[in-house]
Amino acid sequence: IVFSGPLVKMTGATFKTFEGTGAASLAANLVTTAYSYAFNLRNVSAQEAVDGWVDVAVTKDPKDYKDKLFGSLSLNYQGTGRGLGAEAMISSAAGSGVYVITDAKVKGLAAVKTLNGFFKDKSDEIQFDKINGTLAMKNKVFSYTANNTGKVGAIRVAGGVNADGVYTPDMKVQCDLKKDFIDSNAVQS
């Protein structure tokens, strides 16, 4: 950690977390309360990492967001912000990153149950060989993309969640599905 007047820098911090490894850096101006950060997670438990983030960031019904994503997660994210209070930090948060989840499983989401209604699998979970995509935060909206590949084919998702936990209205799902997994009776109805 380096202190230079009102500037504080931490670089090269490495750690073990969520059954994997991580690295982080931080730069902050103590006078303006502006900061920038970067972190990198490699081969961590997606369930533990997401559940940990929910514990920190979600105030409304956090249990509804836990135990939904499983697999091995690698993530690289950089961001900036300003302020010390929660509202100031959320209002000024901006950043972007990329992620990959291998041997992925998404479970317990209404969208998965709806999607599976068109498959021969009527469960509330879906598995993928890999999910990769982007994450971004700007203007109090956390946006994401997800490109999935697996036994059912490919599914691409783009959407966002407002800082209040409500999905933005422009979520898009595009599917290229293998015919063998489609329940033609469900599609017809």
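**View 1. Y37 and F39, two partly exposed rings.** Y37 has a relative accessible area of 27% and is partly exposed; buried would mean under 20% and exposed over 50%, with partly exposed in between (1.4 Å probe, protein chains only). F39 is partly exposed too, at 29% relative accessibility. This is a predicted model, in which local features need pLDDT of at least 70 and side-chain atom pairs count only at pLDDT 80 or more, while totals for chains, interfaces and linings use all residues. Residues are numbered from 1 along each chain as its sequence is written, and side-chain values use heavy atoms, with hydrogens and water left out.

View 2. Rings of Phe, Tyr and Trp (its six-membered ring) pair if their centres lie within 6.5 Å; planes under 30 degrees apart are stacked, over 60 edge-to-face and the rest tilted. The count by this rule is 5 aromatic pairs. Y37 and F39 are stacked because their ring centres are 6.5 Å apart and their planes meet at 10°. Follow the ring pairs and you will find Y35, Y37, F39 and Y77 linked into a cluster.

**View 3. K105 over the face of F70.** Here K105 lies 5.1 Å from the ring centre of F70, over its face (the rule asks for NZ of Lys or CZ of Arg within 6 Å of the ring centre and within 35 degrees of the ring normal). K105, in strand 6, is also the bridge partner of F70.

**View 4. Strand 6 and its antiparallel partners.** Strands are DSSP runs of E, at least two residues long, numbered from the N terminus, and two of them pair if DSSP finds at least two bridges between them. Strand 5 (residues 69-82) and strand 6 (residues 94-107) run antiparallel, joined by 11 bridges. Strand 6 also runs antiparallel to strand 7 (residues 125-138), with 12 bridges. Look for T102 opposite K130 of strand 7.

Conventions:
Helices (H or I, at least four residues) and strands (E, at least two) are DSSP runs, numbered from the N terminus.
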